Amino acid sequence: VVIYDDVDLDVGRLRIRKKGSAGGHNGLKNIILHLSSEIFPRVRVGVGAKKAGADLAAHVLGTIDKDISSVCFDSRKAEPGSLFVAVSGVSTDGALFIDTAIENGAVAIICNTIPSVTKENITYIQVKDSSIALGEIASAYYGRPSDKMILVGVTGTNGKTTIATVLYKLFKKLGFKTGLISTVCNMVDDEEFPSTHTTPDPVELNALMAKMAEIGGLGVFYW
């Protein structure tokens, strides 16, 4: 988790103070400030203007000085204080469920297009591609856990789970705190978590890695 000094960041029409309320890794302002500039649609600015700041300011409606209790892209999982990411999928568009997420308690919305009708006290943030933004948002929310350990990915046609499991057990025998992410089960050192999907979604993946980082894990083997 990055601890900021008491420094102001001038971003176009927004003036954000990096220290204070909602400044932890689960504060909305901290999450947004950790996103890459490519996440936001580009805007035309005058000579000498701070480009990234202008991009951010032009695509935020509402305050980003608020705490976030969870990140979700399923409106049914939204709860009081949630950040809902409206992901556009193959069969449906998450934007159709923004109101449902808000009814369930979401206080901030990430979307490809800000709705024409918005709700008071809800923060709307427009991005170029919400599905890409979801990964960066989940990482920022959980304090960028992948930066704190060694990640080993196993690819191929057959034997991926076997190899990842063997490596996990080998490093455990050597005395290292290690994690495993597979279709069979997910392990955070000795604690087992059910594997519900072939590949964890970005939120679940970062949550697992955050648990690993908390115990000082060396690395995670996954496929």
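Contact here means heavy atoms within 4.5 Å.

Before that, the ground rules. This is a predicted model, in which local features need pLDDT of at least 70 and side-chain atom pairs count only at pLDDT 80 or more, while totals for chains, interfaces and linings use all residues. Residues are numbered from 1 along each chain as its sequence is written, and side-chain values use heavy atoms, with hydrogens and water left out.

Now the helix pair. Two packed helices are described by the angle between their axes and the distance between the axes. For α4 (residues 130-141) and α6 (residues 202-214), the axes come within 9 Å and cross at roughly 25 degrees. That makes α4 roughly parallel to α6. The axes are lines fitted to C-alpha atoms, for helices over the stretch in contact, and angles run from 0 to 180 degrees between N-to-C directions. Under 35 degrees counts as roughly parallel, over 145 as roughly antiparallel, 65 to 115 as roughly perpendicular, and the rest as oblique.

Which residues meet? From α4 they are Leu134, Gly135, Ala138 and Ser139, and from α6 they are Pro202, Val203 and Asn206.

Next, salt bridges. Side chains of opposite charge can pair when their charged atoms come close. The rule used here asks for a side-chain nitrogen of Lys or Arg within 4 Å of a carboxyl oxygen of Asp or Glu. How many salt bridges does this rule give? The count is five.

One of them joins Asp65 to Lys29, with the closest N and O atoms 3.6 Å apart. Asp65 sits in the loop between β3 (60-61) and β4 (70-72), and Lys29 in helix α1 (residues 28-33), so the pair ties together parts 36 residues apart in sequence. Is Lys29 buried or exposed? With a relative accessible area of 7%, Lys29 is buried, whereas Asp65, at 39%, is partly exposed. Buried means under 20%, exposed over 50%, and partly exposed in between, using a 1.4 Å probe and protein chains only.

Another salt bridge pairs Lys172 with Asp190, at 2.8 Å between the closest N and O atoms. Lys172 lies in helix α5 (residues 160-173) and Asp190 in the loop between β10 (186-188) and β11 (191-193), so this pair links parts 18 residues apart in sequence. Through shared partners, salt bridges join Lys172, Lys177, Asp189 and Asp190 into one network.

Definitions and conventions. Helix = DSSP H or I, 4+ residues; strand = E, 2+ residues; numbered from the N terminus.
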